[in-house]
Amino acid sequence: RRHVLEASQQLTEIINSETSAESPEPSEEAELANEEESALHCLWVDKFTPRRYMELLSDDYTNRCLLKWLKLWDTVVFGKEKAVKKAKPSAEAHPPFNQPKEQQNKWKTKVQLTEEVLEAELDQHKRPKYKVALLCGPPGLGKTTLAHVIAKHAGYNAVEMNASDDRSPEVFKTRIEAATQMKSVLGANEKPNCLIIDEIDGAPAASINVLLNVIHRKDVEGEAAAGAGRRRRREGGLLLRPIICICNDQ
């Protein structure tokens, strides 16, 4: 055993001396080799995690709904006008004579109802009606992965925070405002942030109230008083970035 340990120590010293003698700037081949080696030693959940939208194995309806909701922010975030869908000539234009209108609305599927909610008009600040999306389900379902992939797919920089870590409402408020109001520093290719709040069910009630205040904050126009203007600046501006919350217990 002692001989084996001595031999392995000698080999380690030889390898270390060879690597230190090489040039300090690694070549592209060496970098690729390092990436492959790190891929061999990383966890399978990291190695095989979805990187693109088409690689997602979660529920397709949920994926499309979340992506559609995130695209509703394009007008206020990216300055893109919302595409106006042409009215389809459907059975609604010529309903059957024997069915009243109330009964037609009663039997709409979940998909149709969600489509109607997502097709709702934007508010006066060109934001969607619902400012926050909530993903809920058991652990390991792929909620966090879905949020990150969808945010990247829609052109955002995903900023994740854990609600159960930041117990203080002041810290929680600071982190929310930093993620939703400040631009990400990514050089020339800077992207707007999309805030992902994990374990929102573990946050205290005070932090939830802080989040609700940020969501429902209104931009009071025409305030002439300087004091009121200072107060509004201190409280922060309107929420102009999407927030995705994740929980296990709805």
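**Reading the labels on a predicted model**

Tutor: Start with I15, which lies in helix α1 (residues 2–21). Helices are DSSP runs of H or I with at least four residues, strands are E runs of at least two, and both are numbered from the N terminus. This is a predicted model, where local features need pLDDT of at least 70, side-chain atom pairs need 80 or more, and totals for chains, interfaces and linings use all residues. Residues count from 1 along each chain as its sequence is written, and side-chain values use heavy atoms, without hydrogens or water.

Student: Why is I15 called partly exposed?

Tutor: Buried means under 20% relative accessible area, exposed means over 50%, and partly exposed is in between (1.4 Å probe, protein chains only). I15 has 49%, so it is partly exposed.

Student: What makes D249 exposed?

Tutor: Its relative accessibility is 60%, so D249 counts as exposed. D249 sits in the segment after β4 (243–247).

Student: Which residues form a negative surface patch?

Tutor: D165, E199, D201 and D249 form it. Patch residues have over 30% relative accessible area and no salt bridge; like charges are joined within 9 Å, and nonpolar side chains (Val, Leu, Ile, Met, Phe, Trp, Tyr) within 5 Å. Asp and Glu count as negative, Lys and Arg as positive, while His and chain ends are not counted. The charge is placed at CG of Asp, CD of Glu, NZ of Lys or CZ of Arg.

Student: Which residues make a nonpolar surface patch?

Tutor: L11, I14 and I15 make one of about 290 Å². Accessible areas come from the Shrake-Rupley method with a 1.4 Å probe, and for residues only the protein chains shown count as cover.

Student: Why do D60 and R64 count as a salt bridge?

Tutor: A salt bridge needs a side-chain nitrogen of Lys or Arg within 4 Å of a carboxyl oxygen of Asp or Glu. For D60 and R64 the N to O distance is 3.2 Å, so the pair qualifies. They are 4 residues apart in helix α4, so about one helical turn separates them.

Student: Is D74 buried or exposed?

Tutor: D74 has 8% relative accessibility, so it counts as buried. Its side chain meets that of K71 in a salt bridge (3.0 Å, N to O). K71 is partly exposed, at 37%.

Student: How many salt bridges does the structure hold?

Tutor: The structure holds 5.
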